[in-house]
Amino acid sequence: GYQGMVDGGDNIVEVSWESVSSILQVGGTVIGSARCKSFRTREGRLQAAYNLVQRGITNLCVIGGDGSLTGANLFREEWSGLLEELSQKGKIDEDAVKKYAYLNIVGMVGSIDNDFCGTDMTIGTDSALHRIIEVVDAIMTTAQSHQRTFVLEVMGRHCGYLALVSALACGADWVFIPEYPPEEGWEDSMCVKLSENRARKKRLNIIIVAEGAIDCHNKPITSEKVKDLVVQRLGFDTRVTILGHVQRGGTPSAFDRILASRMGVEAVLALLEATPATPACVVSLSGNQAVRLPLMECVQMTQEVQKAMDEGRFVEAVRLRGRGFEISFPTFQYLATVYDGQINHGTNFNVAVLNVGAPAAGMNAAVRAAVRVGITEGHKMFAVIDGFEGFARGKIKEISWGDVGGWTGQGGSILGTKRTLPAKYLEKIADQMRTNNINALMVIGGFEAYLGLLELSAAREKYDEFCVPMVMVPATVSNNVPGSDFSIGADTALNTITDTCDRIKQSASGTKRRVFIIETMGGYCGYLANMGALAAGADAAYIFEEQFDIRELQANVEHLTEKMKTSIQRGLVLRNENCNENYTTDFIYQLYSEEGKGVFDCRKNVLGHMQQGGAPSPFDRNFGTKISAKAMQWISKKLKETYRKGKVFANTDDSVCLLGMRRRNLVFQPVAELKNETDFVHRIPKEQWWLKLRPLMKILAKYKTSYDVSDSGQLEHVAMHSPKEAETGAI
């Protein structure tokens, strides 16, 4: 860190391509970090400037939290003054002062707390959530067995993001965070809630406390205090677990690796384009879009949050934190507080939820959110077992608040899911809709769900029963649904692929000179192969979207042959299952084996259905919960709009929608309008955002290729959004 810049010597070294090999899967930082007192003094910064000038360095990329970034900005502002002083002291000559007159700085935010304004996700947050969720999932099994209450303390002295999101992701009963001090008398309401849950046969209670949690008098709420309260008032067997530094450790998640890789590229582009006139900037993510923001605007806004909290202006603090944060707390309250449909005094609407397609991790979180939000809105919720096929057979039952308890962390699909399309069962499904008086449909699934909605809306002319609001929430590991950048389940699958590749790379490094060919799922969609390759540091990824021929295969083999001459004697190649019907995994394996004779040997590995299983990742739980809650609110709105003369009648295109994440926002799009964007033969969208990241993977694997910078972030100002925007906002 700055200490190394002040000390100089061997702390500043030139790095080569191989210096950073094999560090992608290592947690923490291999170049070390330190809190540096001397850099806070002018003498320290003077020494640092001298060390940089000695090596002709005038571009700095700083990865850290708001403290590190503020320090960097001050260093830049003082730069010319520091050089003048060095020249007066005779340490550097006048030429050096002219030659190195300007210092350019770009920041990347690395902080597990996600407490930096202007960016949706800081580097490291997702990995910290992975650690927390692993622990919570493990604790849940023991708590369930012993009928215990667990109080978990997570990091976050000034920011409750980790606590809030992990509470959402594990379906906690209560959460304490610095930004939302509980109202007077919270002790009573919490105890009432815990005992109600016990009475409902819930065998465990989970309470999450951020280390900086406070009450409305600014007094700390500690995990011990919460435990004592539960024991004294309710007599429940209660345990405290403080997660501590576990949250900073471990291997980075797939999301963090891809985020950091994208940000690293942005940082270099920003430095290349920087001029003395441009302000120091931070590269960050807004939704799924890379953006550049003036560093000091972000720092000032981050400090504003703290100031607002110190002065007790909590509503303001939450608004400054950004859209994602602002939506999370109401969503948590919505899903954690039991309503028996009394809030809207019952609307008499019946809403059915079903899963369609292959199982995807996070489907259950989406069903849980849909059911609970639906009940809160006053509807009667029905669950359909086994997709459209089950629907036709009458496998439909009312589902209550308690029925979906504990579903968030479960993988697969508890309701059961099938790939069957509704076309051959239209009559029977219409009968079931009529018999059960279903007024709206929510379909959670993949490409089949999208096709299913198209078929149902086409059948409206013949069957009035289908003239009801219908919404689709994308859930498939393949991430091949048109109209959405992400689908529920893809992040979990990506983590599975990344974990497996990490292990395989270790095995390959041990045996030396070995290349692994790994086949991933995804149908014709190359998302998993491409992003898996980026996150695992692969040498090549073969996908259907980018046609390849024998010459490219040969070039890849030659590339690996060259690589084996270096100190990194291993190779990793990913292949999407349907990338080419003739160049199969076996073919590529045999080709590499033959061509690599005497230089490297080959192994192959087909990952198969393990990519659909496993407990959902924090991202999928969170994404599934929020997108599903939003879809349910849309249904309520549509039901009110289309209710006429005692019945619901909706037959316009905009009453059959897909809710998708598009760049920065969640948008409802009529499925009819998405037809033109779809390649129905190969079941993929015609345009896919992640193809822009293809060259990045190749560059990182040392191929010479051009990188399209047209999509790189332009400098913009930190947006202060209005409360209205929060409703339409990001995740």
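**Helices, sheets and a surface patch**

A: Helix α3, residues 66-88, lies across β1, β2 and β7, and its direction is about 175° to that of β2. Keep in mind that this is a predicted model.

Q: Which other helix packs on the sheet, touching β2, β7 and β8?
A: Helix α10, residues 295-310, does. The direction of α10 makes about 85° with that of β8.

Q: What is the strand order in that open sheet of four strands with mixed pairing?
A: The order is β1-β2-β7-β8.

Q: And which are the edge strands?
A: β1 (59-64) and β8 (289-294), each of which pairs on one side only.

Q: What does the twist average from one strand to the next?
A: 30°.

Q: How many bridges join β2 to β7?
A: Three, between residues 104-109 of β2 and residues 281-286 of β7, and these two strands run parallel. Within this pair, Val 106 stands opposite Cys 281 of β7.

Q: Moving on. Which strands form the open sheet with parallel pairing?
A: Four strands, in the order β16-β17-β15-β18. At the edges are β16 (540-542) and β18 (601-606), each pairing on one side only.

Q: How far are neighbouring strands of this sheet turned against each other on average?
A: By 20°, with direction ignored.

Q: How many bridges are there between β15 and β17?
A: Seven. Strand β15 covers residues 514-520, strand β17 covers residues 570-576, and the two run parallel.

Q: What stands opposite Ile 517 in β17?
A: Val 573.

Q: Which helices lie across these strands?
A: Helix α19 (residues 550-563) lies across β15, β16 and β17, running at about 155° to β17. Helix α20 (residues 585-595) lies across β15, β16, β17 and β18, and runs at about 165° to β18.

Q: Now the surface. Which residues form the nonpolar patch?
A: Val 26, Val 30 and Ile 31, with about 300 Å² of accessible area together.

Q: Where does Ile 31 lie?
A: In the loop between α1 (2-7) and α2 (42-54).

Q: Is Ile 31 buried or exposed, and why?
A: Ile 31 counts as exposed because its relative accessible area is 75%, and the cut-off for exposed is over 50%.

Notes: Residues numbered from 1 in each chain as written. Predicted model: local features only at pLDDT ≥ 70, side-chain atom pairs only at ≥ 80, totals over all residues. Heavy atoms only, no water. Pairing = 2+ DSSP bridges. Axes fitted to C-alpha atoms, helices over the stretch in contact; angles between N-to-C directions. Contact = heavy atoms within 4.5 Å. Patch = residues over 30% accessible without salt bridge, like charges linked within 9 Å, V, L, I, M, F, W, Y side chains within 5 Å. Areas by Shrake-Rupley, 256 points an atom, 1.4 Å probe, with all protein chains shown as cover. Salt bridge = Lys/Arg side-chain N within 4 Å of Asp/Glu carboxyl O. Buried < 20%, exposed > 50% of the residue type's maximum accessible area, 1.4 Å probe, protein only.
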